[in-house]
Amino acid sequence: MDQTLGQDSVPTSGSIDKSRVLDIRPLRRLVPIFPSPSNMPSFPTPGAPFICAPPSGPFPSGVAPFYPFFGSVDSQRPNVYSNTISDAVPINSFRTPPPSTAGARVNGDTGSSRSTRGRFQSQSNSGFTEEDGYDSQSLNMNDVEGTNKTGRSSKRSQKRTRGSKDVLPSPEVNTDAILNNILLSFNPTEFDASRKTDGDKESVGYILLIFDLFRRKISQAEDTREAHGVSRRPDLRAGAILMNKGIRTNAKKRIGLVPGVEIGDIYYFRMEMCLVGLHSPSMAGIDYMGLKVSQEEEPVAVSIVSSGGYEDNVEDPDVLIYSGSGGNVNRKDKEVMDQKLERGNLALEKSLHRGNEIRVIRGLRDAINPSCKIYVYDGLYKIHESWVEKGKSGCNVFKYKLVRIPGQPEAFSKWKSVLQWKESITSRIGVILPDLTSGAENIPVSLVNDVDDEKGPEYFTYLSSLKYSKPVNTVDSAVGCTCSGGCLPGNSNCPCIQKNAGYLPYTANGVIVDQKGLTHECGSSCLCASTCRNRVSQGGLKVHLEVFKTRNKGWGLRSWDPIRAGAFVCEYAGEVIDTSKIEELRGENEDDYIFDATRTYQPVEPVPGDSHEAPKIPFPLAISAKSVGNVARFMNHSCSPNVFWQPVLRENNKGYELHIAFYAIKHIPPMTELTYDYGRPDKAERRKHCQCGSSKCRGYFF
């Protein structure tokens, strides 16, 4: 189309006078050239002017607004989302906040120019609004699944957590298919409208199981695609999808206890606390809500997270000196300023005068992964006083003294006790033996009785692994891998990965992805190192276990350390026996320490994975731990267990070795008894009275 040059235009042909100074103007000042009937013969209405109108109107006759600039949203916007979820998560909610807010526990505490009525802005129940601010300590290394070949967290992976592109599911990962497959193991009625608003222990447990399995599945899928095993915040991705689909509970904010959430519960991801309604913001350290007071809304704090990013005094298990938010006090790259009495700080001040209960979550260092944090729900506190003092930066910092309400179950104080026991075992009451393994395990296993005068279980020889009397010959030839540097995800040439349906069964953190009928681990015929991530169950104990005397079930097993969902606990060690002699040994020898892998298992509660898939035992396996065995012989039965067993097959030069490995179903707090379901025998056996105490107890076990 021909156009007439303006007077300030540069000619495209002919001589150019370089001495002439042109009148250059910014683009926004240039006058648009409108078409005319002479140079626009195809114009629909000859002579009609080119009409411009602002997107919000007013509009001249014959001109209508276009989406999304409708004049009336309610009347003109098309119903493009027929099933809109009210608490949908905006995409940009996972971006790192702008520099002006990057040091705040709650956005606005750094002096944001965004206006708020009464210096208070309500938070969304979704827990993902940009108003929630940012707690620098909330970027837990638990959230970064992948590691590079050296074992250190990849800088590349940490950078990727900063951008919104990494939060969205990758097109290559079909998250809908993954989630739908997971939900097949759960009762869909668990997520009705009533439980979404007000949950219970069962719904909270289901939500956490679904989230963690979904996160691990996404991590596994991403892991296969990445060259160095780096996964990009699967926790945020899984949490966002579940929130959008309404798979959550306790969505209604509340003061005080949260239904189904117990004091002492632990969390490895901030998203877990969001999904169960314990602490709504995914990044902010202060959660608050508005209460109507004389026709106006007043903020009150409902929960806080003390994770080490501020100058908090956290040593006393019953008193917490909590620092206010904002002022960039925890940022070295930002100008430090005085904190302001607004938003989160204002809510804490109002709670002081109102005297309402505040939930306190403490972020503690993970002893197994020192770069990670574990969040411990420590119960209800009340603010007793507040003041302003000069921080280490020289600027004013708000301080709040919170005191724990008496009569609550132990939580943080239990962690403090465990630290003292690790420093000096003599401080543990009721210790019979500091290490009943006599050095057979790389971590000592203490024997404790603080119930009665019994001096220990009947004598047995401690054995850390399974003892085969003769090798198991198989028809198939044992073919090991040649991965000298360790099996890497996505290596289609690795025979061990091929046997696991094309995936490594463990994440980079050594967490099993889900429960399967059979897991193939690398064996002695493989050339990979002992540190290969496909040898998780071969590395011995990872946590400090304790054999203890229970009040009504004999001896039991528990851990001093927290155990993450999917983490390896131990294997069942002992002597492999002929399955035909099981009844004889149980009858004549009174052998109550026989593990029969041929039993059927119908759990009363879902477990993480394909719970409908029966164990695929390549040959009958029975283990007796009466004379020789390890800590697994002390694990009691429960109808609602926190541990599940998995058959693990390892190859050697002579054939196969089948082992029984135990993994955590869910996050297990310290000093919680470890239990699994004993299953049901194929043949009739004498029933025993069950005293597991579960609300779903069958009343018996075999």
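Asparagine 534 sits in the loop that runs between strand S12 (519-521) and strand S13 (545-549); strands here are DSSP runs of E with at least two residues, helices are runs of H or I with at least four, and both are numbered from the N terminus. The model is a predicted one, where local features need pLDDT of at least 70 and side-chain atom pairs count only at pLDDT 80 or more, while totals for chains, interfaces and linings use all residues. Residues are numbered from 1 along each chain as its sequence is written, and side-chain values use heavy atoms, with hydrogens and water left out.

Despite its place in a loop, asparagine 534 is buried, at 0% relative accessibility. Buried means under 20% relative accessible area, exposed means over 50%, and partly exposed covers what is in between (1.4 Å probe, protein chains only). Leaving aside neighbours within four places in sequence, asparagine 534 is in contact (heavy atoms within 4.5 Å) with Cys496, Asn500, Leu504, Pro505, Tyr506, His520, Glu521 and Cys522.

As for the cysteines, a search of the whole structure turns up zero disulfides, a disulfide being a pair of cysteine sulfur atoms within 2.5 Å. For cysteine 532, the nearest cysteine sulfur belongs to cysteine 487 and is 3.7 Å away. Cysteine 532 is buried at 5% relative accessibility, and cysteine 372 is buried too, with a relative accessible area of 6%.

Taken as a whole, the protein chain has 11 helices and 25 strands. Of its 702 residues, 50% are buried. Among contacts between residues at least 6 apart in sequence, 71% join residues at least 24 apart. The accessible surface comes to about 33,900 Å², with 51% of it belonging to carbon and sulfur atoms; these areas come from the Shrake-Rupley method with a 1.4 Å probe, and for residues only the protein chains shown count as cover.

Next come the cores. A nonpolar core is a set of buried Ala, Val, Leu, Ile, Met, Phe, Trp, Tyr and Cys residues joined through side-chain atoms within 4.5 Å. The largest one has 53 residues, and those with the most contacts inside it include Phe214, Leu242 and Tyr663. Helix H5 (residues 201-225) gives the most to this core, with 10 residues. A second, separate core of 47 residues includes Val445, Phe619, Val631 and Phe634.

Helix H6 (residues 234-244) is largely enclosed by the rest of the structure, because 10 of its 11 residues are buried. Leu242 is one of those buried residues. Not counting residues up to four places away in sequence, leucine 242 touches Leu179, Ile210, Phe211, Phe214, Ile247 and Leu275. Just after H6, glycine 246 takes a positive phi of about 75°.

The structure also holds 17 aromatic pairs. Rings of Phe, Tyr and Trp (its six-membered ring) pair if their centres lie within 6.5 Å; planes under 30 degrees apart count as stacked, over 60 as edge-to-face, and the rest as tilted. Phenylalanine 595 and tryptophan 645 make an edge-to-face pair, 5.1 Å centre to centre with 90° between the planes. This pair links distant parts of the chain, with phenylalanine 595 in strand S17 (residues 594-596) and tryptophan 645 in strand S21 (residues 643-652), 50 residues apart. Phenylalanine 595 is buried at 3%, as is tryptophan 645 at 6%.
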